[in-house]
Amino acid sequence: MTQMINDASEGSDRSLRGGARPDRADWLAALEKTGKEVGSFRTMGNRHWAFFSDNGPVLLVTFETAADIRQREDGLPMGYALARDRGWSALCLIADGQTWYRDPAVYNVFDGLVDTAFFEWFDRVVFYGAGMGAYAACAFSVSAPGATVLALNPVATLDPALAGWDTRHARHRRLTFTDRYGYAPDMTEGAGDVFVVFDPAEPLDAMHAALFARPHVTALRTRRIGPQVEQALEGMHILTPLITAACEGTLDARLFYLLFRQRRSYSPYLDKLMDQLETAGHLALAAVAVGNVLSRRTEQAPARLGDAR
């Protein structure tokens with residue numbers, strides 16, 4: 001399977017951690033070395049890379065940015081680190097900036113994976129991404145029929161003819177979204193379960209989510225979370241359990257909302273709830289919410305102080 005991505009040498013995994021954060025060139029060189037030790041590493045054009053680790057019959061495909069990966073303590077892709085600890089394989093597509101993965105070099109890699117039946121080697125394939133990465137996870141899932149897709153506040157397209165109302169990414173509209181792997185909702189037609197996670201109070205995110213409506217798509221609404229869904233789920237410590245459930249084939253709406261109960265202890269959610277109640281004039285309910293927040297923060301404080309000792 002490794003040869004389907006790129007030639008690679010064998011070896012053991014090693015962290016990119018150590019001393020001061022390496023500069024970009026050193027980080028990329030170390031990432032390439034680690035990739036070739038655990039599977040393969042391939043450069044795709046000028047702004048994309050593919051990091052593959054061959055470690056088991058479950059494949060987690062993630063779409064991440066170089067900036068996000070460099071912020072991690074180990075300097076490794078989140079998808080790889082998660083998969084490594086669970087005995088899964090990982091394919092991480094890395095973008096240098098807001099490319100939206102709209103690059104023929106990226107298309108060619110997925111074309112090659114289809115031609116070599118790469119995804120058929122795995123018992124389960126999961127595509128994961130957030131924002132720009134969620135767009136790519138949906139768009140490229142067409143290359144792996146039957147795959148599960150977990151997409152956090154995905155964008156359907158930035159084609160002005162279809163999404164001219166989305167003013168957030170105006171400077172990226174020059175990218176082409178009408179060629180191969182273009183319109184993300186259509187690209188999920190051959191997928192298995194597709195989970196679209198978004199806050200319905202965010203109008204633009206909700207409009208994009210509506211474009212994904214299909215019988216095989218489950219809309220998971222995260223009210224009062226805001227546009228940074230991945231950051232919020234990570235703050236609640238439920239992002240890893242959600243990805244794990246997707247990779248184990250157990251993710252559904254019931255499990256998601258069971259995990260999402262952790263918002264009751266998540267300060268940003270509680271703060272937003274109080275603000276909304278006060279703005280709406282529900283002062284009594286706001287007072288109850290304040291009491292709830294204070295009690296939860298008091299309960300959590302000893303644990304934090306204990307951790308600091």
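A pocket here is found on a 1 Å grid over the protein atoms alone: it is an open set of points where a 1.4 Å probe fits, with protein on both sides within 12 Å along at least five of seven lines, and lining residues have an atom within 4 Å of a point. This is a predicted model, so local features need pLDDT of at least 70 and side-chain atom pairs count only at pLDDT 80 or more, while totals for chains, interfaces and linings use all residues. Residues are numbered from 1 along each chain as its sequence is written, and side-chain values use heavy atoms, with hydrogens and water left out.

**Stop 1: the largest pocket.** Select D68, A130, G131, Q228 and E230, which lie nearest its centre among 30 lining residues. The volume of the largest pocket is about 780 Å³. Next, colour strand 3 (58-65), helix 3 (66-71), strand 5 (124-130), helix 6 and helix 10 (229-235); each gives at least two residues to this lining.

**Stop 2: the second largest pocket.** This one has a volume of about 200 Å³. Select helix 4 (78-84) and helix 11 (239-248), which each supply at least two lining residues; the largest share, 4 residues, comes from helix 4. Also in the lining are R72, E234 and H237, among others.

**Stop 3: S141.** Go to the loop between helix 6 (132-140) and strand 6 (148-152) to find S141. Is S141 buried or exposed? It counts as buried because its relative accessibility is 1% (buried means under 20%, using a 1.4 Å probe and protein chains only). Show the S141 side chain reaching the backbone oxygen of C138 at 2.7 Å.

Note on methods:
Buried means under 20% relative accessible area, exposed over 50%, partly exposed in between (1.4 Å probe, protein chains only). A polar contact is a pair of N or O atoms within 3.5 Å; within protein, one must be able to donate a hydrogen and the other to accept it, and residues adjacent in sequence count only if both atoms are side-chain atoms. Grid points are joined across faces, edges and corners, and a volume is the space filled by probe spheres set on the points.
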